[in-house]
Amino acid sequence: MKLPNADKLLVEREKIAGYLLNSEHHYGASKARFFAGFGFQAERWEQLGEALRHHGRTHEVTRTQETGFGPRYQVEGKLNAPDGRSPRVRSVWQLDHGEVAPRLITAYPLEE
């Protein structure tokens, strides 16, 4: 199964620049080190945003969980990185009640 409305996936600047690529963030710092190690930079946050949209569009949903806000989907697979490598990543998307497209909740590395 693919994400619903995968052509409309929402990735917010704050989620990328303020969290996933923020080395000062309490919870995001380890993720920021991981993504930076593959060439992603906070100043060019759109690059990770587009890579995660592509990840969400091309890989299968591996798990679905209902939340009070709507269904949450996990997607696992390789992520195209600026340095040419393709680390395995899990991205998490949520389709909030009343919305048309899933929005990015988080992303993190998978063990090889």
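Which residues form one aromatic cluster? The cluster consists of Phe 34, Phe 35, Phe 38 and Phe 40. The model is predicted, so local features need pLDDT of at least 70 and side-chain atom pairs count only at pLDDT 80 or more, while totals for chains, interfaces and linings use all residues. Residues are numbered from 1 along each chain as its sequence is written, and side-chain values use heavy atoms, with hydrogens and water left out.

Three aromatic pairs were counted (rings of Phe, Tyr and Trp, the last by its six-membered ring, with centres within 6.5 Å; planes under 30 degrees apart are stacked, over 60 edge-to-face, the rest tilted). Phe 35 and Phe 40 form an edge-to-face pair, at 6.1 Å centre to centre and 80 degrees between the planes. Phe 35 is buried, with a relative accessible area of 0%. Phe 40 is buried at 3% (buried means under 20% relative accessible area, exposed over 50%, partly exposed in between; 1.4 Å probe, protein chains only).

The protein chain has three helices and four strands (DSSP runs: H or I of at least four residues for helices, E of at least two for strands, numbered from the N terminus). Their order along the sequence is α-α-α-β-β-β-β. Buried residues account for 46% of the 112 residues.

The radius of gyration is 13 Å, which agrees with the value near 13 Å for a compact globule of 112 residues (taken over C-alpha atoms; the rule is 2.2 Å times the number of residues to the power 0.38). The C-alpha atoms fill a box of roughly 35 × 25 × 25 Å along the principal axes.
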